Amino acid sequence: MSHSPLLDVCGLSVSFADNEVVHGIDFSIAANERVALVGESGSGKTVSALSLLRLVANAKLGGQARFNGQDLLTMPERELRAVRGRDIAMIFQEPMTALNPLMTVGDQIAEVLTLKTGLAKAQAAQKVIDLLAETGISDAARRVNAFPHQLSGGQRQRAMIAMALACQPRLLLADEPTTALDVSLRGQILDLLVRLQQSHGMAVLLITHDLNLVRRFADRIIVMENGHVVEQGRTAEVFAKPQHPYTQRLIASKPVRDVVEFVGLADDGDVRLKSDLQSDTQEPILPVMVAKGLRVVYPTPLAGVRGWFKHGEFVAVQGATFEVMPGQTFGIMGESGSGKSTLALAALGLLPFQGALHLGGKVWSASARRNTALRRQVQVVFQDPFSSLSPRMTVEEIVGEGLGVHESELTLSQRRQRVVTALLDVGLGTADDAAMAQTLQRYPHEFSGGQRQRLAIARALIIKPGLLVLDEPTSALDVTVQKQVLQLLQHLQRERSLSYLLITHDVDVIRAMAHSVLVMKDGAVVESGPVHQVLMQPQHEYTRILVSVAG
Amino acid sequence: MFDLTKPPANSLSPGRRAWLRFKRNRLGYWSLVTFCLLVGLSLVAELISNDRPLLVRYQGETYFPMVKDYSEKTFGGDFDTSTDYLDPFIRERLRQSGNWALFAPNPYGSKTLNYFAKAPNPSPPTRDNWLGTDDRGRDLLAQLIYGFRVSVLFALALTFTGTVLGIVTGAIQGFFGGKTDLAFQRFIEIWGAMPELYLLIIFSAVFSPSLALLLILLSLFGWMGLSDYVRAEFLRNRQLDYVRAARSLGVSNWLIIRRHLLPNSMTPVVTFLPFRMSGAILALTSLDFLGLGVPPGTPSLGELLSQGKNNIDAWWISLATFAVLVVTLLLLTFMGDALRDALDPRKADAA
């Protein structure tokens, strides 16, 4: 760039108390440019962007951020307030909490207009409708009077964007604008941002961890790790030839398929290993789980007097039919609210359901006592590694809990030995006895997200189940950690011929892990079949959208 | 990458970390130390304030009046009644050559009436009665020491029963949810609507007043607030993934409650303990003030306050009692504040 940049950040550092989280970063944004700030959680990318507007509470800022020749970091608060919203606008991750729930969307946008541009009320009202229409909200004249909760997630984010654009800012800071949205909406919002960026001629700084978005969106990319900028450059160049090892890891973090492939997946469920093809055994392999017409409903309150005596029904899962074969991964794919997690809980026998569900010929019983034997066969790993481990139990207690139920005859030292083996199996700890003994006495808060997820896997596998239900096992993890956890799962499956019931919204994870897949939308099964067939030749429109967004 | 080889600097349980955070709050920590010290001292009040000597040496023999009754004749008196060691005649005998008596620092018990007082009751502070006497001639300092002990022990007992009842009922509602929860909640609404004070008045008229009766009556109504908090914690925690994981491991309900839910639901319980204590002390004091509390003759702060009201010119009664109450409640409040900060989940990570 020959002319001076719109924003020139020089040696920006941010510290909380005595703890520096951003260590003197430099970058610049030219006018009319789309820049992506990429990094994993904790890399300091959001804090860096927020501190440009001095919106981080209790932070000590250092360095310079020259916007239009003025230093944003030392400018008096009064002047900065004028810059916020007028010259630099911001959109946030979660539109539900960024909008005031007690004001209509129109009033909130009009407030910005009257405050910043001094428009009269009537003019502002008309401008609001234009803005909303521009962001693609249909029937904008009616929607201005809607409260945030009356809009859908995508519409709320569009309203947020309309608000940010109200004063024609020259720089838009977009903090994970699509993360809280469903996959199928992400592309639309991104396209909208591109269109508006071009028509308004503003610069956009997109903060994200999603490389797919960056590839589609940004001219330039800035990669952050642990509060340092490790690499920046033109998007195409960085993706083609990443220089820094971290960038290389980040770009290579797309999960890789490394599972035992099966052939002959016929309708009759007769499955054979590739290597078994020669041995011409006719004995059919039985599925570990068979679901037929599975239906799960939640009671919902009815309005009025009727609600005193009976409940309404919300159908979370409707007529799901599938089979999970031994040693294979059965993927269930869908967006939030599609009923896939409910299906997982039903498969675990933790929710009442209708329809048939056989686990190796057995069924869940209403009495918890009679289920004990079956519990040993089916285990679970949940999504959030922070809520899936009790914060007040040690590693040994957490991982060894299943042994207390299913192998209560073990002595204390046998039990400890089993816990140590299970931890080693999931790649936690070392063979060093002293260090291991200390690991056993540690509490979950001392472990990172990926390590916690490994603990959860160890807890599930210690009682040697045949089927593991994986409910979004990696979606709360950073991409590089996600890849490691998936590799571990693939490794365990090969080694122990485990079956997985994998529930996820992430097409990449399905592509890497699953043998067969079932796509859900609003509780109903949209499509199912072998993974290559569903992902390569999706029959249903919805599947096509999911696959195309994932790139 | 998964570096578990380096020994953890401090592998502290969450409870232990909360304790360290509590300790770092100096006001709260020293309040706890002072309060424990005061309670400890009041538990051995007999050694501090007693109308009987701890040890008597009389004519070559050793007596233990603190634990044993001796007739006045033992010490050369005329009557076969228990010795009044405040009697100048007995004092005189005990001071004769070779005899000695070891008195407590404050030579009055909780019920001692000094028949040999030099000033009319209530008497202002003198050398004999450091804080003066009340309107019946009892030593005020002794009254305060024993009254404090009764209040604190009563508050501890009430807090204990209230907390246990609250946890049990809250746990049942929260864990089982559904119809159990619904029925129990309606019961609590009805139970909570009962006029507590009227019931107390009625019962104290029907039965002879006693600490046990008070404890039962106050416990019957004191558990509901805590029960709601425990219920809410259980409702929140039971749908967390670690409870689901335990269920899918086949862990029994009882074990899930004990091992997973209870330890993770104790934050409101612990946070409220000091405030419940001060509430209980205040409740006992106000009931005593109204004359609905402890039976007559029991040392009680509330009864002293009402004496102070009736003898408004005897400033030492109301002032001293007021000071004891304020200090006690302040200490508890400081402890409660520190505890609340220590257990605040938003501050937990800052440690």
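Start with the sheet in chain A. Four strands form an open sheet, in the order E2-E1-E4-E5, and the pairing is antiparallel. Pairing here needs at least two DSSP bridges between two strands. Helices (H or I, at least four residues) and strands (E, at least two) are DSSP runs, numbered from the N terminus. In general, strands of a sheet pair through backbone hydrogen bonds, either parallel or antiparallel.

A word on the source. This is a predicted model: local features need pLDDT of at least 70, side-chain atom pairs count only at pLDDT 80 or more, and totals for chains, interfaces and linings use all residues. Residues are numbered from 1 along each chain as its sequence is written, while chains are lettered from A and ligands numbered from 1 in the order in which they are written.

Inside, E1(A), residues 7-16, and E4(A), residues 59-67, pair in the antiparallel sense over eight bridges. Ser15(A) stands opposite Lys60(A) of E4(A). Then comes a helix. H1(A), residues 45-52, lies across E1, E2 and E4 of chain A, at about 115 degrees to E1(A). Axes are lines fitted to C-alpha atoms, for helices over the stretch in contact, and angles run from 0 to 180 degrees between N-to-C directions.

Two loop residues in chain A next. Gln168(A) sits in the loop between H7 (153-165) and E7 (171-175). Its phi is near 50 degrees, positive in a residue other than glycine. Ser497(A) sits in the loop between H19 (479-496) and E19 (499-504). Here phi is near 40 degrees, again positive in a residue other than glycine. The scale: 20 or more other C-beta atoms within 10 Å is buried, 12 or fewer is exposed, in between is partly exposed, with C-beta atoms placed from the backbone.

Now, where do the chains meet? The contact takes 33 residues from chain A and 22 residues from chain B. Contact means C-beta atoms, placed from the backbone, within 7 Å. On chain A, H14 (372-375), E17 (378-381), H15 (395-406), H17 (433-440) and H18 (449-461) each supply at least two residues. H15(A) gives the largest share, four residues.

Look at H10(B), residues 241-248. Eight of its eight residues are buried, so this helix is largely enclosed by the rest of the structure. Among them are Tyr242(B), Val243(B) and Arg244(B). The buried residues pack against H14, E17, H15 and H18 of chain A, together with H9 (224-237) and H11 (253-264) of chain B. Just after H10(B), Gly250(B) takes a positive phi of about 90 degrees.

Last, a helix pair in chain B. The axes of H5(B), residues 140-176, and H12(B), residues 267-290, come within 8 Å and cross at roughly 130 degrees. That makes H5(B) oblique to H12(B). Angles under 35 degrees count as roughly parallel, over 145 as roughly antiparallel, 65 to 115 as roughly perpendicular, and the rest as oblique. The contact includes Phe154(B) and Leu158(B) of H5(B), and Leu273(B) and Met277(B) of H12(B).

One more loop: Pro122(B) lies between E3 (100-102) and H5 of chain B. A cis peptide bond joins Asn121(B) to Pro122(B), with omega about -20 degrees.

Definitions and conventions: Contact = placed C-beta atoms within 7 Å.
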